[in-house]
Amino acid sequence: MSTHIQISKLNVYYKQAQALNDVNVEIPRGQITVILGPSGCGKTTLLKSINRFLELVDGARISGQVLIDGEDIYAPDVDITEIRKKTGLLAQRPYPLPMSIYDNVAYGIRIHGLCKNGPEMDARVQHYLEEAGLWNEVQDRLSHPAAALSIGQQQRLCLARGIAVEPEILLGDEPTSALDPISAQHIEKRLMNLKKEYTIVLVTHILRQAKRLADYVIFMYLGEVVECGPAHEVFEHPRQERTRAYLEGQF
């Protein structure tokens, strides 16, 4: 198993409150890693340490290391824009840009200068909409406002927009929590397909979803990593009593 992301001695504070306590974990390449645990245990904080979004939170303080491909993303000379390009984020609720369906996908491609407008751009937009499982539903209305899509379609559009800038890593912060069951199935199916090309890290507190998707599991409780390992080992033979209690629904 190749390590893509290595987190060492990570501590995070929001003003005086400690959200993560000495987290040490390795995230494998080309798999779906699920960060699992009850609400308020630090899952989203850990996820957002990987793309440096924590720095956008007023009063947040961070110490420790987060290495992507061996590079410390918190080193002083690191280009934050490049880090965030490398790590796409799918939030709890979709946030389409106030523009057309086409331009939502093309936006990041243009910003990063990946190609110019024209046939190549058209091909890229189609490709990423197909990757997100949305092309067949929107191909005849690409010029329509993205806000006119259903919330499930908007989330798939945000997925297309995220992968259009060619990241290495996809981060999902409970990306199906605002969706109906059918739309959630669409997103889960796309993520299962996309792990062939990306390292995917998902936050969820839904145990059934974790069991469906996870290749690797990180179980957190009260800001600490209690247990991590291949999904079948954690789910079938948990080593820690707190993991076992959580899986049995005791808290």
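Which residue lies over the face of F235? K211 does, at 5.8 Å from the ring centre. A charge sits over a ring if NZ of Lys or CZ of Arg is within 6 Å of the ring centre and within 35 degrees of the ring normal. R61 also meets this description, with its charged end over the ring of Y13, 4.6 Å from the centre.

This is a predicted model, in which local features need pLDDT of at least 70, side-chain atom pairs count only at pLDDT 80 or more, and totals for chains, interfaces and linings use all residues. Residues are numbered from 1 along each chain as its sequence is written, and side-chain values use heavy atoms, with hydrogens and water left out.

**The open sheet**

Helices (H or I, at least four residues) and strands (E, at least two) are DSSP runs, numbered from the N terminus. Two strands pair if DSSP finds at least two bridges between them. Here 4 strands form an open sheet in the order 2-1-4-5, with antiparallel pairing. Strand 2 (17-28) and strand 5 (71-72) are at the edges. Each has a single partner strand, so one side of each is left without a neighbour in the sheet. Strand 4 (residues 60-68) and strand 5 run antiparallel and are joined by 2 bridges. In strand 5, E71 stands opposite I68.

Most residues other than glycine have a negative phi. Buried means under 20% relative accessible area, exposed over 50%, and partly exposed in between (1.4 Å probe, protein chains only).

**A hairpin and a helix**

Strand 9 (residues 216-221) pairs with strand 10 (residues 224-230) in the antiparallel sense, over 6 bridges. V217 has G229 of strand 10 as its bridge partner. The hairpin has 2 residues between the strands, and L222 takes a positive phi near 50° there.

Now look at helix 10 (residues 241-247), which holds T243. T243 is buried, with a relative accessible area of 2%. Its side chain joins that of E227 in a polar contact of 2.8 Å. Such a contact is a pair of N or O atoms within 3.5 Å; within protein, one must be able to donate a hydrogen and the other to accept it, and residues adjacent in sequence count only if both atoms are side-chain atoms. Contact in general means heavy atoms within 4.5 Å. Leaving aside neighbours within four places in sequence, T243 is in contact with F219, V226, E227, V234 and P238.

The structure holds 1 aromatic pair. The rings of F219 and Y246 have their centres 5.0 Å apart and their planes at 35°, so the pair is tilted. F219 lies in strand 9 and Y246 in helix 10, so the pair ties together parts that are 27 residues apart in sequence. Both residues, F219 and Y246, are buried. Rings of Phe, Tyr and Trp (its six-membered ring) pair if their centres lie within 6.5 Å; planes under 30 degrees apart count as stacked, over 60 as edge-to-face and the rest as tilted.

**Nonpolar cores**

A nonpolar core is a set of buried Ala, Val, Leu, Ile, Met, Phe, Trp, Tyr and Cys residues joined through side-chain atoms within 4.5 Å. The largest has 47 residues, and V105, L129, L157 and I200 have the most contacts inside it. Apart from that core lies another, of 28 residues, including L46, L47, L54 and I218.
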